[in-house]
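Let's take a friendly walk through a protein structure together. Keep the model open beside you as you read, and look up each place as we reach it.

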Amino acid sequence: MEEAHEPAWWQTKVVYQIYPRSFADSNADGIGDLQGIRSRLGHLQWLGIEVLWLSPVFRSPMADFGYDVSDYCDIDPVFGTLADMDALIADCHSRGMRLMLDWVPNHTSDQHPWFVESRSSRDNARADWYVWRDEPANNWLASFPQGESAWEHDDVRDQWYLRCFLREQPDLNWDNRDVEAAMHDTLRFWLDRGVDGFRMDVIHLIGKHLDEDDPERAVARGVGHVPFNDVPETHDRIRRIRAVLDSYPGQRACVGEVYLLDEAKMAAYYGDGDELNLSFNFGFLWAAWDATTLRGKITSTLDHLRPRGAWPTWVLSNHDVPRHRQRYGGSEDVARMAAVMLLTLPGTPFVYQGEDLGLIDAVVPPERVVDPGGRDGCRAPIPWNDDPGHGWPHAPWLPFVADAGVSNVGTLDQQPDSILHLYRELLHLRRDHAALQSGQFTMIERTDDVIAYTRTPTDPADTRAYTIALNLGEGAAVVAELAGGRVLTSTIAGDLTAPADEIVPPHAAVVVLHA
Ligand code: NOJ
(Lines give C-alpha, C1' and ligand atoms only; values in the text may rest on other atoms or scores of the structure.)
Protein backbone atom coordinates (compact mmCIF):
# COMPACT_ATOMS: atom_id res chain seq x y z
CA MET A 1 0.00 0.00 0.00
CA GLU A 2 1.23 3.47 -0.78
CA GLU A 3 2.25 5.46 2.24
CA ALA A 4 -0.02 8.42 2.85
CA HIS A 5 1.89 11.70 3.06
CA GLU A 6 0.98 14.19 5.74
CA PRO A 7 -0.05 17.41 4.02
CA ALA A 8 2.45 20.25 4.36
CA TRP A 9 1.85 23.41 6.41
CA TRP A 10 1.30 25.46 3.27
CA GLN A 11 -1.53 23.11 2.36
CA THR A 12 -3.37 22.93 5.66
CA LYS A 13 -2.97 26.41 7.08
CA VAL A 14 -4.59 29.72 6.21
CA VAL A 15 -2.30 32.54 5.05
CA TYR A 16 -2.96 36.05 6.33
CA GLN A 17 -1.64 38.88 4.16
CA ILE A 18 -0.24 41.82 6.06
CA TYR A 19 0.26 45.07 4.17
CA PRO A 20 2.85 46.38 6.64
CA ARG A 21 2.43 50.12 6.01
CA SER A 22 -1.20 49.86 7.06
CA PHE A 23 -1.13 47.27 9.80
CA ALA A 24 0.26 48.71 13.05
CA ASP A 25 2.60 51.63 13.78
CA SER A 26 5.02 51.32 16.72
CA ASN A 27 7.10 54.49 16.29
CA ALA A 28 4.42 57.11 15.64
CA ASP A 29 5.44 58.07 12.11
CA GLY A 30 2.04 57.21 10.63
CA ILE A 31 3.41 54.14 8.83
CA GLY A 32 3.06 50.59 10.07
CA ASP A 33 6.26 48.67 10.84
CA LEU A 34 7.75 45.37 11.97
CA GLN A 35 7.55 46.17 15.69
CA GLY A 36 3.91 47.02 15.13
CA ILE A 37 3.35 43.58 13.61
CA ARG A 38 5.17 41.96 16.54
CA SER A 39 2.89 43.77 18.96
CA ARG A 40 -0.21 42.33 17.27
CA LEU A 41 0.83 38.69 16.94
CA GLY A 42 -1.25 37.83 20.00
CA HIS A 43 -4.36 39.16 18.27
CA LEU A 44 -3.60 37.21 15.09
CA GLN A 45 -3.12 34.06 17.12
CA TRP A 46 -6.39 34.67 18.96
CA LEU A 47 -8.01 34.94 15.54
CA GLY A 48 -6.55 31.56 14.52
CA ILE A 49 -3.93 32.70 12.02
CA GLU A 50 -0.90 30.46 11.63
CA VAL A 51 0.90 31.85 8.56
CA LEU A 52 1.74 35.46 7.72
CA TRP A 53 2.76 36.87 4.35
CA LEU A 54 4.17 40.38 4.52
CA SER A 55 4.01 42.61 1.46
CA PRO A 56 7.57 43.88 0.74
CA VAL A 57 9.56 45.38 3.60
CA PHE A 58 12.91 45.56 1.80
CA ARG A 59 14.77 48.79 1.17
CA SER A 60 12.83 50.78 -1.35
CA PRO A 61 12.32 54.35 -2.56
CA MET A 62 8.59 53.43 -2.35
CA ALA A 63 7.62 54.52 -5.85
CA ASP A 64 5.42 51.40 -5.77
CA PHE A 65 5.33 51.13 -1.96
CA GLY A 66 7.98 48.44 -1.69
CA TYR A 67 7.47 46.60 -4.98
CA ASP A 68 10.43 48.69 -6.19
CA VAL A 69 13.30 47.14 -4.26
CA SER A 70 16.69 48.86 -3.94
CA ASP A 71 18.20 46.22 -1.62
CA TYR A 72 16.71 42.73 -1.32
CA CYS A 73 18.86 41.96 1.71
CA ASP A 74 17.92 44.77 4.05
CA ILE A 75 14.80 46.17 5.71
CA ASP A 76 13.63 49.64 4.76
CA PRO A 77 14.14 52.00 7.73
CA VAL A 78 10.46 52.96 7.60
CA PHE A 79 9.66 49.36 8.63
CA GLY A 80 12.57 48.86 11.05
CA THR A 81 15.84 46.95 10.94
CA LEU A 82 17.19 43.52 10.15
CA ALA A 83 17.26 42.91 13.90
CA ASP A 84 13.53 43.68 14.02
CA MET A 85 12.94 41.14 11.26
CA ASP A 86 15.02 38.53 13.06
CA ALA A 87 12.93 39.19 16.17
CA LEU A 88 9.70 38.88 14.18
CA ILE A 89 10.82 35.57 12.66
CA ALA A 90 11.70 34.30 16.13
CA ASP A 91 8.40 35.50 17.61
CA CYS A 92 6.39 33.84 14.86
CA HIS A 93 8.24 30.57 15.27
CA SER A 94 7.92 30.57 19.03
CA ARG A 95 4.16 30.93 18.55
CA GLY A 96 4.11 28.09 16.02
CA MET A 97 3.45 30.55 13.20
CA ARG A 98 5.13 30.65 9.77
CA LEU A 99 6.37 33.76 8.00
CA MET A 100 6.49 34.37 4.24
CA LEU A 101 8.12 37.40 2.64
CA ASP A 102 7.27 39.02 -0.66
CA TRP A 103 10.02 38.54 -3.27
CA VAL A 104 9.98 40.79 -6.33
CA PRO A 105 12.00 39.02 -9.03
CA ASN A 106 10.78 40.66 -12.24
CA HIS A 107 12.10 44.15 -11.59
CA THR A 108 14.12 46.22 -9.15
CA SER A 109 13.99 49.88 -8.25
CA ASP A 110 15.84 52.23 -10.58
CA GLN A 111 17.80 53.13 -7.42
CA HIS A 112 19.09 49.58 -6.98
CA PRO A 113 22.91 49.63 -7.31
CA TRP A 114 22.61 47.03 -10.10
CA PHE A 115 20.53 49.39 -12.22
CA VAL A 116 22.58 52.45 -11.29
CA GLU A 117 25.60 50.61 -12.65
CA SER A 118 23.75 49.10 -15.60
CA ARG A 119 22.53 52.45 -16.86
CA SER A 120 25.92 54.17 -16.38
CA SER A 121 27.36 52.97 -19.71
CA ARG A 122 26.87 50.37 -22.41
CA ASP A 123 29.89 48.36 -21.31
CA ASN A 124 29.92 48.15 -17.53
CA ALA A 125 29.94 44.81 -15.68
CA ARG A 126 26.15 44.87 -15.30
CA ALA A 127 25.36 46.43 -18.69
CA ASP A 128 23.28 43.37 -19.54
CA TRP A 129 21.52 42.86 -16.19
CA TYR A 130 18.44 44.72 -17.43
CA VAL A 131 16.66 44.58 -20.76
CA TRP A 132 18.29 47.21 -23.01
CA ARG A 133 17.55 47.74 -26.69
CA ASP A 134 18.47 50.39 -29.26
CA GLU A 135 14.78 50.69 -30.13
CA PRO A 136 11.63 49.53 -28.31
CA ALA A 137 11.56 45.83 -29.20
CA ASN A 138 7.79 45.50 -29.21
CA ASN A 139 4.51 47.34 -28.62
CA TRP A 140 4.04 46.36 -24.96
CA LEU A 141 2.31 48.70 -22.55
CA ALA A 142 3.39 49.34 -18.96
CA SER A 143 0.96 48.80 -16.12
CA PHE A 144 1.56 52.20 -14.53
CA PRO A 145 0.66 54.78 -15.61
CA GLN A 146 -1.75 52.93 -17.82
CA GLY A 147 -1.31 53.49 -21.52
CA GLU A 148 2.42 54.32 -21.43
CA SER A 149 4.90 52.29 -23.42
CA ALA A 150 6.78 49.63 -21.48
CA TRP A 151 10.01 50.97 -23.03
CA GLU A 152 11.77 53.89 -21.41
CA HIS A 153 14.51 55.93 -23.03
CA ASP A 154 17.71 56.48 -21.08
CA ASP A 155 19.80 59.47 -22.10
CA VAL A 156 23.17 58.22 -20.85
CA ARG A 157 23.11 54.95 -22.76
CA ASP A 158 20.90 56.45 -25.44
CA GLN A 159 19.01 53.18 -25.33
CA TRP A 160 15.64 51.91 -24.14
CA TYR A 161 15.03 49.72 -21.13
CA LEU A 162 12.03 47.56 -20.46
CA ARG A 163 9.80 48.38 -17.52
CA CYS A 164 6.55 46.50 -17.35
CA PHE A 165 5.45 48.58 -14.36
CA LEU A 166 6.62 52.10 -13.40
CA ARG A 167 9.60 53.71 -15.10
CA GLU A 168 11.22 53.45 -11.65
CA GLN A 169 10.87 49.64 -11.90
CA PRO A 170 13.25 48.39 -14.63
CA ASP A 171 12.81 44.72 -15.56
CA LEU A 172 15.73 42.44 -14.73
CA ASN A 173 17.21 40.42 -17.59
CA TRP A 174 16.58 36.83 -16.49
CA ASP A 175 18.20 35.58 -19.72
CA ASN A 176 21.47 36.47 -18.00
CA ARG A 177 22.46 33.61 -15.68
CA ASP A 178 24.41 36.01 -13.45
CA VAL A 179 21.14 37.81 -12.71
CA GLU A 180 19.47 34.52 -11.93
CA ALA A 181 22.30 33.53 -9.58
CA ALA A 182 22.20 36.91 -7.84
CA MET A 183 18.46 36.62 -7.34
CA HIS A 184 18.85 33.09 -5.95
CA ASP A 185 21.30 34.57 -3.46
CA THR A 186 18.64 37.00 -2.27
CA LEU A 187 16.37 34.03 -1.55
CA ARG A 188 19.16 32.27 0.32
CA PHE A 189 19.77 35.38 2.40
CA TRP A 190 16.26 35.12 3.86
CA LEU A 191 16.09 31.33 3.94
CA ASP A 192 19.28 31.37 6.00
CA ARG A 193 17.58 33.77 8.42
CA GLY A 194 14.73 31.32 8.82
CA VAL A 195 11.82 32.60 6.74
CA ASP A 196 9.41 29.85 5.76
CA GLY A 197 8.77 30.94 2.21
CA PHE A 198 7.90 33.63 -0.26
CA ARG A 199 5.07 35.13 -2.17
CA MET A 200 6.61 35.75 -5.58
CA ASP A 201 5.54 38.91 -7.35
CA VAL A 202 4.40 38.54 -11.01
CA ILE A 203 6.52 35.40 -11.26
CA HIS A 204 5.11 34.49 -14.68
CA LEU A 205 6.91 37.53 -16.14
CA ILE A 206 10.48 36.36 -15.53
CA GLY A 207 10.59 34.80 -19.00
CA LYS A 208 9.73 36.95 -21.99
CA HIS A 209 9.74 36.70 -25.76
CA LEU A 210 10.57 40.26 -26.68
CA ASP A 211 10.02 39.66 -30.38
CA GLU A 212 6.31 39.03 -29.85
CA ASP A 213 4.02 42.03 -30.04
CA ASP A 214 1.02 42.15 -27.76
CA PRO A 215 -1.83 41.52 -30.20
CA GLU A 216 -4.26 43.46 -28.05
CA ARG A 217 -1.84 46.02 -26.55
CA ALA A 218 -3.46 45.08 -23.31
CA VAL A 219 -3.19 46.39 -19.82
CA ALA A 220 -5.52 43.92 -18.20
CA ARG A 221 -6.47 44.70 -14.61
CA GLY A 222 -3.34 46.76 -14.08
CA VAL A 223 -0.89 44.16 -15.35
CA GLY A 224 0.44 44.81 -18.84
CA HIS A 225 0.37 42.21 -21.63
CA VAL A 226 -1.17 39.58 -19.38
CA PRO A 227 -2.85 37.54 -22.06
CA PHE A 228 0.22 36.27 -23.84
CA ASN A 229 3.19 36.52 -21.54
CA ASP A 230 3.55 32.87 -20.77
CA VAL A 231 6.67 31.25 -22.20
CA PRO A 232 8.54 27.95 -21.60
CA GLU A 233 11.74 29.56 -20.24
CA THR A 234 9.80 30.86 -17.25
CA HIS A 235 9.04 27.32 -16.16
CA ASP A 236 12.73 26.33 -16.28
CA ARG A 237 13.57 29.32 -14.14
CA ILE A 238 10.84 28.55 -11.63
CA ARG A 239 12.11 24.96 -11.36
CA ARG A 240 15.54 26.31 -10.46
CA ILE A 241 13.99 28.69 -7.90
CA ARG A 242 12.09 25.77 -6.40
CA ALA A 243 15.33 23.79 -6.17
CA VAL A 244 16.82 26.58 -4.05
CA LEU A 245 13.86 26.40 -1.66
CA ASP A 246 13.93 22.61 -1.55
CA SER A 247 17.62 22.61 -0.68
CA TYR A 248 16.63 23.93 2.76
CA PRO A 249 15.17 21.86 5.57
CA GLY A 250 11.74 22.55 7.02
CA GLN A 251 9.36 22.71 4.03
CA ARG A 252 10.12 26.15 2.63
CA ALA A 253 7.42 27.11 0.16
CA CYS A 254 6.43 29.63 -2.47
CA VAL A 255 3.17 30.99 -3.73
CA GLY A 256 3.43 32.68 -7.09
CA GLU A 257 1.50 35.66 -8.29
CA VAL A 258 0.68 34.17 -11.68
CA TYR A 259 -1.49 36.87 -13.15
CA LEU A 260 -3.01 34.76 -15.89
CA LEU A 261 -6.76 34.59 -15.59
CA ASP A 262 -6.96 31.36 -17.55
CA GLU A 263 -6.99 28.37 -15.17
CA ALA A 264 -5.22 26.05 -17.60
CA LYS A 265 -2.28 28.45 -17.92
CA MET A 266 -2.22 29.15 -14.20
CA ALA A 267 -2.18 25.41 -13.44
CA ALA A 268 0.91 24.89 -15.61
CA TYR A 269 2.96 26.88 -13.09
CA TYR A 270 2.76 24.02 -10.62
CA GLY A 271 4.80 21.96 -13.11
CA ASP A 272 5.09 18.31 -12.15
CA GLY A 273 5.21 19.24 -8.50
CA ASP A 274 8.58 20.87 -9.22
CA GLU A 275 7.59 24.50 -9.86
CA LEU A 276 5.45 26.66 -7.56
CA ASN A 277 4.09 25.04 -4.42
CA LEU A 278 1.05 27.26 -4.82
CA SER A 279 -0.22 29.64 -7.46
CA PHE A 280 -2.74 32.40 -6.98
CA ASN A 281 -5.93 31.85 -8.91
CA PHE A 282 -7.13 35.27 -9.98
CA GLY A 283 -9.88 33.98 -12.24
CA PHE A 284 -11.72 33.08 -9.03
CA LEU A 285 -10.99 36.47 -7.45
CA TRP A 286 -12.44 38.29 -10.46
CA ALA A 287 -15.52 36.08 -10.80
CA ALA A 288 -18.82 37.82 -10.07
CA TRP A 289 -20.79 37.07 -6.90
CA ASP A 290 -23.13 34.73 -8.70
CA ALA A 291 -23.71 31.07 -7.87
CA THR A 292 -23.42 29.74 -11.43
CA THR A 293 -20.25 31.74 -12.11
CA LEU A 294 -18.58 30.73 -8.84
CA ARG A 295 -19.56 27.07 -9.13
CA GLY A 296 -18.08 27.12 -12.62
CA LYS A 297 -14.82 28.75 -11.47
CA ILE A 298 -14.41 26.36 -8.55
CA THR A 299 -15.05 23.33 -10.74
CA SER A 300 -12.80 24.43 -13.56
CA THR A 301 -10.00 25.31 -11.12
CA LEU A 302 -10.18 21.84 -9.61
CA ASP A 303 -10.48 20.18 -13.02
CA HIS A 304 -7.19 21.79 -14.04
CA LEU A 305 -5.33 21.22 -10.79
CA ARG A 306 -6.45 17.80 -9.62
CA PRO A 307 -4.96 15.79 -12.52
CA ARG A 308 -1.58 17.34 -11.68
CA GLY A 309 -1.93 16.65 -7.97
CA ALA A 310 -1.64 20.43 -7.56
CA TRP A 311 -2.98 22.23 -4.51
CA PRO A 312 -5.44 25.10 -5.14
CA THR A 313 -5.42 28.56 -3.56
CA TRP A 314 -8.41 30.76 -2.90
CA VAL A 315 -8.09 34.51 -2.56
CA LEU A 316 -10.75 37.18 -2.72
CA SER A 317 -8.93 40.37 -1.68
CA ASN A 318 -5.44 41.83 -1.61
CA HIS A 319 -3.63 45.17 -1.74
CA ASP A 320 -4.19 45.58 -5.50
CA VAL A 321 -7.94 45.28 -5.94
CA PRO A 322 -11.10 46.77 -4.45
CA ARG A 323 -12.04 44.68 -1.42
CA HIS A 324 -14.39 41.81 -2.23
CA ARG A 325 -17.16 43.06 0.04
CA GLN A 326 -17.12 46.20 -2.04
CA ARG A 327 -16.92 44.37 -5.36
CA TYR A 328 -19.82 42.12 -4.36
CA GLY A 329 -22.11 45.06 -3.61
CA GLY A 330 -21.22 46.05 -0.05
CA SER A 331 -23.53 44.04 2.18
CA GLU A 332 -22.19 42.41 5.32
CA ASP A 333 -24.26 39.27 4.66
CA VAL A 334 -22.33 38.74 1.48
CA ALA A 335 -19.00 39.32 3.24
CA ARG A 336 -19.99 36.68 5.80
CA MET A 337 -21.00 34.16 3.16
CA ALA A 338 -17.79 34.78 1.26
CA ALA A 339 -15.84 34.02 4.44
CA VAL A 340 -17.60 30.66 4.78
CA MET A 341 -16.77 29.80 1.17
CA LEU A 342 -13.15 31.01 1.31
CA LEU A 343 -12.38 29.01 4.44
CA THR A 344 -14.06 25.74 3.46
CA LEU A 345 -13.02 25.24 -0.17
CA PRO A 346 -10.34 22.59 -0.82
CA GLY A 347 -6.98 24.34 -0.87
CA THR A 348 -5.07 27.11 0.83
CA PRO A 349 -7.11 30.23 1.62
CA PHE A 350 -5.55 33.69 1.73
CA VAL A 351 -7.15 36.29 4.00
CA TYR A 352 -6.21 39.94 3.41
CA GLN A 353 -5.88 42.06 6.55
CA GLY A 354 -9.14 43.81 7.33
CA GLU A 355 -11.46 41.45 5.50
CA ASP A 356 -11.90 39.86 8.93
CA LEU A 357 -13.37 43.23 10.00
CA GLY A 358 -15.71 43.23 7.01
CA LEU A 359 -13.98 46.32 5.63
CA ILE A 360 -14.90 47.99 2.40
CA ASP A 361 -12.48 50.41 0.75
CA ALA A 362 -11.71 53.82 2.21
CA VAL A 363 -12.82 56.83 0.24
CA VAL A 364 -9.52 58.55 -0.53
CA PRO A 365 -9.91 62.16 -1.63
CA PRO A 366 -7.89 63.02 -4.76
CA GLU A 367 -5.35 65.08 -2.83
CA ARG A 368 -4.55 62.08 -0.64
CA VAL A 369 -4.16 59.52 -3.42
CA VAL A 370 -0.53 58.38 -3.35
CA ASP A 371 -0.50 55.13 -5.31
CA PRO A 372 0.37 55.40 -9.01
CA GLY A 373 -2.18 52.65 -9.66
CA GLY A 374 -4.93 54.30 -7.57
CA ARG A 375 -5.16 51.29 -5.23
CA ASP A 376 -5.22 53.39 -2.06
CA GLY A 377 -8.77 52.50 -0.97
CA CYS A 378 -8.05 48.83 -0.19
CA ARG A 379 -4.84 49.79 1.62
CA ALA A 380 -6.50 51.88 4.34
CA PRO A 381 -4.99 51.44 7.81
CA ILE A 382 -6.41 48.81 10.15
CA PRO A 383 -8.59 50.45 12.80
CA TRP A 384 -7.67 48.80 16.09
CA ASN A 385 -10.25 50.48 18.33
CA ASP A 386 -12.97 53.14 18.36
CA ASP A 387 -10.77 55.99 19.63
CA PRO A 388 -10.43 58.86 17.16
CA GLY A 389 -6.89 57.62 16.30
CA HIS A 390 -8.05 53.98 16.09
CA GLY A 391 -4.93 52.76 17.87
CA TRP A 392 -2.54 54.62 15.57
CA PRO A 393 -0.19 56.86 17.62
CA HIS A 394 0.09 59.32 14.71
CA ALA A 395 -2.30 60.10 11.83
CA PRO A 396 -1.66 57.31 9.32
CA TRP A 397 -0.45 57.76 5.75
CA LEU A 398 -3.91 56.99 4.33
CA PRO A 399 -7.39 57.77 5.67
CA PHE A 400 -9.35 55.17 7.62
CA VAL A 401 -12.46 53.57 6.19
CA ALA A 402 -15.58 55.65 6.75
CA ASP A 403 -17.08 53.37 9.39
CA ALA A 404 -13.88 52.74 11.36
CA GLY A 405 -15.74 53.80 14.51
CA VAL A 406 -17.74 50.57 14.22
CA SER A 407 -15.65 48.28 12.01
CA ASN A 408 -12.60 48.11 14.24
CA VAL A 409 -10.95 45.28 16.14
CA GLY A 410 -11.88 46.47 19.63
CA THR A 411 -15.57 47.04 18.90
CA LEU A 412 -16.06 43.86 16.89
CA ASP A 413 -14.25 41.82 19.51
CA GLN A 414 -16.92 42.91 22.03
CA GLN A 415 -19.69 41.57 19.78
CA PRO A 416 -19.84 37.76 19.84
CA ASP A 417 -21.83 37.66 16.60
CA SER A 418 -19.60 40.08 14.66
CA ILE A 419 -17.91 39.20 11.38
CA LEU A 420 -14.59 39.15 13.26
CA HIS A 421 -15.93 36.37 15.47
CA LEU A 422 -17.26 34.55 12.41
CA TYR A 423 -13.75 34.55 10.89
CA ARG A 424 -12.42 33.32 14.22
CA GLU A 425 -15.04 30.56 14.35
CA LEU A 426 -14.26 29.45 10.82
CA LEU A 427 -10.49 29.56 11.34
CA HIS A 428 -10.78 27.46 14.47
CA LEU A 429 -13.21 25.09 12.82
CA ARG A 430 -10.75 24.53 9.98
CA ARG A 431 -7.93 23.98 12.40
CA ASP A 432 -9.88 21.46 14.42
CA HIS A 433 -11.41 19.50 11.54
CA ALA A 434 -8.79 17.99 9.23
CA ALA A 435 -11.39 17.23 6.56
CA LEU A 436 -11.88 20.96 6.07
CA GLN A 437 -8.14 21.32 5.45
CA SER A 438 -7.36 18.37 3.28
CA GLY A 439 -10.49 16.26 2.88
CA GLN A 440 -12.15 15.29 -0.38
CA PHE A 441 -14.35 17.87 -2.07
CA THR A 442 -17.53 17.15 -3.98
CA MET A 443 -19.65 19.84 -5.55
CA ILE A 444 -23.38 19.22 -5.12
CA GLU A 445 -24.79 19.70 -8.61
CA ARG A 446 -27.35 22.51 -8.69
CA THR A 447 -28.58 25.03 -11.19
CA ASP A 448 -30.05 27.60 -8.78
CA ASP A 449 -28.58 30.33 -6.57
CA VAL A 450 -27.03 27.87 -4.12
CA ILE A 451 -23.39 26.85 -3.91
CA ALA A 452 -23.22 23.60 -1.91
CA TYR A 453 -20.50 21.03 -1.46
CA THR A 454 -19.28 18.31 0.85
CA ARG A 455 -15.91 17.74 2.45
CA THR A 456 -15.09 14.26 3.69
CA PRO A 457 -12.04 12.90 5.53
CA THR A 458 -9.29 11.26 3.48
CA ASP A 459 -9.30 8.37 5.94
CA PRO A 460 -12.08 6.01 4.77
CA ALA A 461 -12.55 4.75 8.33
CA ASP A 462 -13.65 8.25 9.33
CA THR A 463 -17.32 8.52 8.45
CA ARG A 464 -17.82 12.14 9.32
CA ALA A 465 -18.92 14.40 6.49
CA TYR A 466 -19.33 18.12 6.21
CA THR A 467 -21.86 19.90 4.06
CA ILE A 468 -21.43 23.57 3.28
CA ALA A 469 -24.24 25.54 1.66
CA LEU A 470 -24.43 29.18 0.60
CA ASN A 471 -27.68 30.67 -0.59
CA LEU A 472 -26.89 33.64 -2.83
CA GLY A 473 -30.51 34.03 -3.89
CA GLU A 474 -33.36 36.26 -2.72
CA GLY A 475 -35.62 33.42 -1.56
CA ALA A 476 -35.20 30.53 0.87
CA ALA A 477 -33.58 27.44 -0.65
CA VAL A 478 -33.92 23.76 0.18
CA VAL A 479 -30.64 21.87 0.48
CA ALA A 480 -31.65 18.29 1.20
CA GLU A 481 -28.06 17.20 1.95
CA LEU A 482 -28.08 19.32 5.13
CA ALA A 483 -30.71 17.16 6.78
CA GLY A 484 -29.65 15.08 9.74
CA GLY A 485 -26.52 17.06 10.44
CA ARG A 486 -25.53 19.43 13.21
CA VAL A 487 -24.77 23.09 12.50
CA LEU A 488 -21.11 23.81 13.24
CA THR A 489 -21.21 27.41 12.20
CA SER A 490 -23.49 29.64 10.29
CA THR A 491 -24.01 33.21 9.19
CA ILE A 492 -27.52 32.97 10.63
CA ALA A 493 -27.63 34.26 14.19
CA GLY A 494 -29.04 31.70 16.54
CA ASP A 495 -28.40 28.38 18.21
CA LEU A 496 -25.38 26.75 16.64
CA THR A 497 -26.04 23.46 18.39
CA ALA A 498 -29.42 23.12 16.71
CA PRO A 499 -30.01 20.29 14.25
CA ALA A 500 -29.51 21.44 10.70
CA ASP A 501 -32.49 22.67 8.79
CA GLU A 502 -32.78 21.84 5.10
CA ILE A 503 -33.94 25.39 4.50
CA VAL A 504 -31.20 27.96 4.01
CA PRO A 505 -32.52 31.52 4.25
CA PRO A 506 -31.54 34.02 1.55
CA HIS A 507 -28.02 35.48 1.83
CA ALA A 508 -26.97 32.93 4.43
CA ALA A 509 -24.43 30.14 4.68
CA VAL A 510 -24.07 27.10 6.94
CA VAL A 511 -21.46 24.48 7.73
CA VAL A 512 -23.03 21.24 8.89
CA LEU A 513 -21.45 18.08 10.30
CA HIS A 514 -22.85 14.62 9.73
CA ALA A 515 -21.23 12.39 12.31
C1 NOJ B 1 1.96 42.95 -8.17
C2 NOJ B 1 1.89 43.59 -6.82
O3 NOJ B 1 0.93 42.94 -6.04
C4 NOJ B 1 1.57 45.04 -7.06
O5 NOJ B 1 1.26 45.72 -5.87
C6 NOJ B 1 2.75 45.68 -7.76
O7 NOJ B 1 2.44 47.01 -8.10
C8 NOJ B 1 3.11 44.91 -9.02
N9 NOJ B 1 3.08 43.49 -8.86
C10 NOJ B 1 4.48 45.30 -9.48
O11 NOJ B 1 5.44 44.78 -8.59
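Two rings of Phe, Tyr or Trp count as an aromatic pair here if their centres lie within 6.5 Å, and planes under 30 degrees apart count as stacked. Please keep in mind that this is a predicted model. With that rule, a search of the whole structure turns up 22 aromatic pairs.

Let's look at one of them. The ring centres of Tyr19 and Trp397 are 6.4 Å apart and their planes meet at 25°, so this pair is stacked. Where do Tyr19 and Trp397 lie in the chain? Tyr19 belongs to the loop between β1 (15-18) and α2 (34-39), while Trp397 is found in the loop between β15 (348-352) and α13 (409-413), so the pair ties together parts that are 378 residues apart in sequence.

Side chains of opposite charge can pair when their charged atoms come close. The structure has 32 salt bridges by the rule used here. One of them joins the side chains of Arg237 and Asp175, with 2.7 Å from N to O.

Now step back to the domains. The domain assignment gives domain 1, made of 12-106 + 177-431, and domain 2, made of 439-514. Their C-alpha centres lie 29 Å apart. Where the two meet, 22 residues of domain 1 are in contact with 22 residues of domain 2.

How much area is buried between domain 1 and domain 2? The value is about 1,900 Å², and carbon and sulfur atoms give 70% of it. On the domain 1 side, Arg295, Met337 and Thr344 lose the most area to domain 2, together making up 33% of what that side buries.

What kinds of contact cross this interface? The count of salt bridges between domain 1 and domain 2 is 0, but the interface does hold 7 residue pairs in polar contact. On the side of domain 1 that touches domain 2, α10 (291-305), α12 (332-342) and α14 (419-432) each supply at least two residues. The largest share, 7 residues, comes from α10. Sorted by class, this side of domain 1 has 13 nonpolar, 3 polar and 6 charged residues.

Conventions: Residues are numbered from 1 along each chain as its sequence is written. This is a predicted model: local features need pLDDT of at least 70, side-chain atom pairs count only at pLDDT 80 or more; totals for chains, interfaces and linings use all residues. Side-chain values use heavy atoms; hydrogens and water are left out. Domain bounds come from an automatic or database domain assignment. Contact means heavy atoms within 4.5 Å. Buried area is the accessible area (1.4 Å probe) that two parts lose on being put together, summed over both. A salt bridge is a side-chain nitrogen of Lys or Arg within 4 Å of a carboxyl oxygen of Asp or Glu. A polar contact is a pair of N or O atoms within 3.5 Å; within protein, one must be able to donate a hydrogen and the other to accept it, and residues adjacent in sequence count only if both atoms are side-chain atoms. Helices (H or I, at least four residues) and strands (E, at least two) are DSSP runs, numbered from the N terminus. Ala, Val, Leu, Ile, Met, Phe, Trp, Tyr, Cys and Pro count as nonpolar, Asp, Glu, Lys and Arg as charged, and the others, Gly among them, as polar. Rings of Phe, Tyr and Trp (its six-membered ring) pair if their centres lie within 6.5 Å; planes under 30 degrees apart count as stacked, over 60 as edge-to-face and the rest as tilted.
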